[in-house]
Amino acid sequence: MQELPELELYRALLAERFSGAAITALEFHEDLINEVAMELQQDVVGKSVWFVERRAELIVFHLDNGKRLIFRLSDEASIYVGSSNETLEREASIYIRFDERFLALHGVTAADIELMSVKELESIMKNRGIDPLDKRLSLAKFMERYAKKRSSIKTALVDQSLLAGIGPVYSDEILFEAGLRPDRKTAELSHEEWESLYSALNHIVRDSISHGGVRELPLFAGDGISGLYRERLAVHELEGQTCKRCGGTIKKSSVAGRKCYSCPDCQK
Ligand SMILES: [Zn+2]
């Protein structure tokens, strides 16, 4: 799955470019055309996008018929917003056209785009954790969510039923920022450590969004920001490199089957 900062950047871009626009065509790569795809074409062409939101890992277009057009973007997927006179070097799986603009979805399958009712969307959301950008996520609420979780803090952070949108990249960065070892158990964290973790979560997610996230593929022509946060990563996939904070060496380890990158000197 893609993580929150990148998904949030997509949401902001799509909201800016497509809110209020009418869908003029929905095109599938020939390998993806099936009955469901044809039906979806009939259902969405001619409808307008009222607004765009992100719900956990889903990008959601609110259509003017009250339905929700949702996109799931796996790790391999990417999006590109272009104008109709542009030709793409990479073939897209799906194009959604809006008069002179289009949204291209790369690396998706027909099952990654779906039209659903509000009720259906809400039933999916029932199993998702709180969004790190949700203003209601106070320190108390954050701690309360993990109170019953008996695991390492790394495992807890990527548990999508507790917190939405944090995966391998940002869990490593959040734990570094908080100064906590990934294998520490949630049950043994002090109040002060929970505070550090909460503040690291808030800081890292927002810092990445303001620096374009870690995915370097351009989202539109002239995109000079996407992926700039990669330069700011402190530990993720930086095994063997020097820690920017203490000069020690970043280590790779495994916690409950998950790869972790951390600085043994900065994280206790
Ligand atoms: Zn260090």
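Contact here means heavy atoms within 4.5 Å. Keep in mind that this is a predicted model: local features need pLDDT of at least 70, side-chain atom pairs count only at pLDDT 80 or more, and totals for chains, interfaces and linings use all residues. Residues are numbered from 1 along each chain as its sequence is written, and side-chain values use heavy atoms, with hydrogens and water left out.

Start by selecting isoleucine 174, in helix 6 (residues 168-178); helices are DSSP runs of H or I, at least four residues, numbered from the N terminus. Leaving aside residues up to four places away in sequence, isoleucine 174 touches Leu157, Ile166, Leu197, Ala200, Leu201 and Ile204. With 0% relative accessibility, isoleucine 174 is buried (under 20% relative accessible area, 1.4 Å probe, protein chains only).

Now hop to tyrosine 198: its C-alpha is 8.9 Å from that of isoleucine 174, though 24 residues separate the two along the chain.

The whole structure holds 8 aromatic pairs. Why is the pair of tyrosine 146 and tryptophan 194 stacked? Their ring centres are 5.7 Å apart and their planes sit at 25 degrees, so the pair counts as stacked (planes under 30 degrees apart). Tyrosine 146 is in helix 4 (residues 139-146) and tryptophan 194 in helix 7 (residues 191-210), so the pair ties together parts 48 residues apart in sequence.

Last stop: arginine 17, whose charged end sits over the ring of phenylalanine 220, 5.1 Å from its centre (for Arg, CZ within 6 Å of the ring centre and within 35 degrees of the ring normal).

Terms used
Rings of Phe, Tyr and Trp (its six-membered ring) pair if their centres lie within 6.5 Å; planes under 30 degrees apart count as stacked, over 60 as edge-to-face and the rest as tilted. Helices (H or I, at least four residues) and strands (E, at least two) are DSSP runs, numbered from the N terminus. Buried means under 20% relative accessible area, exposed over 50%, partly exposed in between (1.4 Å probe, protein chains only).
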